[in-house]
Amino acid sequence: MPGIGRKAFWAAIAIVPCIAFLLLREQVIADPTWSVPHFHFFVVSLTSLIALFMAGLLVIAAAQLKDARVVFLSLAFLAIAGIFSVHGLTTPNALFDGMNPWVGFSARLSLLVGSVFFALSTLDGRRAIQRVVVQRQSILTIGLLLALAVYATIAFVDTGRGGAVTHHRGQYG
């Protein structure tokens, strides 16, 4: 009998959360926190801004290694964290009223841009290309930071005006 009780316990641990999730998702059980975006705003924004700071430290460390693959790897983390910060900061009804397309778009764009840099970090290029990337790391980093700043500015200005640039149904991501 003790074996049956133990199996029932582990089955309940596996099944009860799934049932609770389904009941919440189908709104059989009301959860007022799901309609409040502040949790998403604080968790995602804080996490991505901390990740952005850490990615900046990674870029500084990558400069010391003199390896183009590491440069691209550090730029991947910088791009993901920077763009995902926009995802968190444009959470509907947190800093800006109403829905906007930047939340969903930023989540997807961060993965796209990050994956391009990750792909570049896997390539073994000619030594001349590797040397140019290492020598131009500061230019690449400044260029990426400027692109991130322009992207964030456009997203924040557009969101503040009610999403005029891309009139689209906003999503959480």
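Select helix α5, residues 127-135, and colour its buried residues, Gln130, Val133 and Val134, where buried means under 20% relative accessible area with a 1.4 Å probe and protein chains only. Looking down the axis of α5, you will find that these residues fall within an arc of 95°, so they line one face of the helix; the arc is taken over the directions from the helix axis to the C-beta atoms. This is a predicted model, in which local features need pLDDT of at least 70 and side-chain atom pairs count only at pLDDT 80 or more, while totals for chains, interfaces and linings use all residues. Residues are numbered from 1 along each chain as its sequence is written, and side-chain values use heavy atoms, with hydrogens and water left out.

Helices here are DSSP runs of H or I with at least four residues, numbered from the N terminus.

To see the contact itself (heavy atoms within 4.5 Å), show Ala68, Arg69, Val71 and Phe72 in α3, which meet Gln130, Val133 and Val134 in α5.

Finally, select Thr141 in helix α6, which is buried with a relative accessible area of 10%. Leaving aside neighbours within four places in sequence, Thr141 is in contact with Val59, Leu75 and Leu78.

Key. Buried means under 20% relative accessible area, exposed over 50%, partly exposed in between (1.4 Å probe, protein chains only). Helices (H or I, at least four residues) and strands (E, at least two) are DSSP runs, numbered from the N terminus.
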